[in-house]
Amino acid sequence: MHHVSTDDRPDPIEGIMEVTEAAESDIRDKDRALGRTLVIGRAYLVSAVLVVLLAASLAFPHSDGVRGFDVLFFTEVAQQQQTSLPSFVFVLLCSVGSILFGGIMVMTQKWWAAAIAWGSSCVAVVYGMLAIWLRQSGRGPNPDFEGFGGPGIGIYLSVILVLALALALAGVVWARVPEQRSVEESAREGH
């Protein structure tokens, strides 16, 4: 039998590997490019409106005579009303996480900004509920303090808005465009 030399033939497995790696690289590149930007839809527009409303809610009374801005900047009025740490953390998370990064999300349409705003909003809801509960208990950190005010309309409004924002941002963060679905499908099929 005649012996055939394989030295001059290309390796078929190596050729398959090169084609597969190139295809996977293209799919990954397309998926990364599509994943960096957000889907502009109903959830995105609702989020933008909620960010503006949440920023406006800082002007409303947070507690007896203390506005959200007073809590954020820990003004003398907030100190006199013995504003609690959960109230401060709630307003800080709303301002920096939800409003600032929500605004960045609206302006840049970047996924990472929406993800930070969503995470901050989720945590802010918990702190907001805790802040309301502490104010409703009727006692501040100092039991001898007279005139400890209950929660104001601003904190209730802020908690409702930040909860709605967290739900809307979940729709923004997890939304997929049709192009992403087709890329995912082609990756599953191995094309």
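Colleague: How far does helix 6 reach from its first C-alpha to its last?

Modeller: In this predicted model, helix 6 has 26 residues and reaches 37 Å between its first and last C-alpha atoms. That is close to the 38 Å expected at 1.5 Å a residue.

Colleague: Which residues of helix 6 are buried?

Modeller: The buried residues are Ala113, Ala114, Ala117, Ser120, Ser121, Ala124, Val125, Gly128, Ala131, Ile132 and Arg135.

Colleague: And what do they pack against?

Modeller: The buried residues of helix 6 pack against strand 1, helix 5 and helix 7.

Colleague: Let us take helix 5, then. What span should its 24 residues have?

Modeller: Helix 5 covers residues 85-108, and at 1.5 Å a residue it should span 34 Å. Its end C-alpha atoms are 32 Å apart, which agrees.

Colleague: Where does helix 5 bend?

Modeller: The bend is at Cys94 and amounts to about 30°. Cys94 is also one of the buried residues of helix 5.

Colleague: Which other residues of helix 5 are buried?

Modeller: Pro86, Ser87, Phe90, Val91, Ser95, Gly97, Ser98, Ile99, Gly102, Gly103 and Met105 are buried as well.

Colleague: What covers them?

Modeller: The cover includes helix 2 (42-57), strand 1, helix 3 (68-73), helix 6 (111-136) and helix 7.

Colleague: Can we look at Ser87 in particular? Why does Ser87 count as buried?

Modeller: Ser87, which is found in helix 5, has a relative accessible area of 0%, so it counts as buried. Apart from neighbours within four places in sequence, Ser87 is in contact with His62, Val71 and Ala131. Ala131 is one of the buried residues of helix 6.

Colleague: What separates the C-alpha atoms of Ser87 and Arg135?

Modeller: They are separated by 9.1 Å, while the two residues are 48 apart along the chain.

Colleague: You mentioned His62. Where does His62 lie, and is it buried or exposed?

Modeller: His62 lies in strand 1, residues 61-63. It counts as buried because its relative accessibility is 4%.

Colleague: Which residues is His62 in contact with, leaving aside its neighbours within four places in sequence?

Modeller: His62 is in contact with Arg67, Gly68, Val71, Ser87, Phe90, Val91, Pro151, Gly152 and Ile155. Of these, Ser87, Phe90 and Val91 are among the buried residues of helix 5.

Colleague: Arg67 is on that list. What does Arg67 form a salt bridge with?

Modeller: The partner is Asp70, and the closest N and O atoms are 3.7 Å apart. Arg67 is partly exposed, since its relative accessible area is 37%. Asp70, in contrast, counts as buried because its relative accessibility is 10%.

Colleague: How many salt bridges does a search of the whole structure find?

Modeller: The search finds one salt bridge.

Colleague: On to backbone geometry. Which phi value does Gln109 have, and where is the residue placed?

Modeller: Gln109 has a positive phi of about 60° although it is not a glycine. Its place is in the loop between helix 5 and helix 6. Gln109 counts as partly exposed because its relative accessible area is 33%.

Colleague: And what is the phi of Phe74?

Modeller: Phe74 is not a glycine either, and its phi is positive, at about 45°. Phe74 lies in the loop between helix 3 and helix 4, the latter covering 76-80. With a relative accessible area of 36%, Phe74 is partly exposed.

Terms used
Residues numbered from 1 in each chain as written. Predicted model: local features only at pLDDT ≥ 70, side-chain atom pairs only at ≥ 80, totals over all residues. Heavy atoms only, no water. Helix = DSSP H or I, 4+ residues; strand = E, 2+ residues; numbered from the N terminus. Buried < 20%, exposed > 50% of the residue type's maximum accessible area, 1.4 Å probe, protein only. Contact = heavy atoms within 4.5 Å. Expected span 1.5 Å × (residues − 1). Bend = angle between axes of the 7 residues up to and from the residue. Salt bridge = Lys/Arg side-chain N within 4 Å of Asp/Glu carboxyl O.
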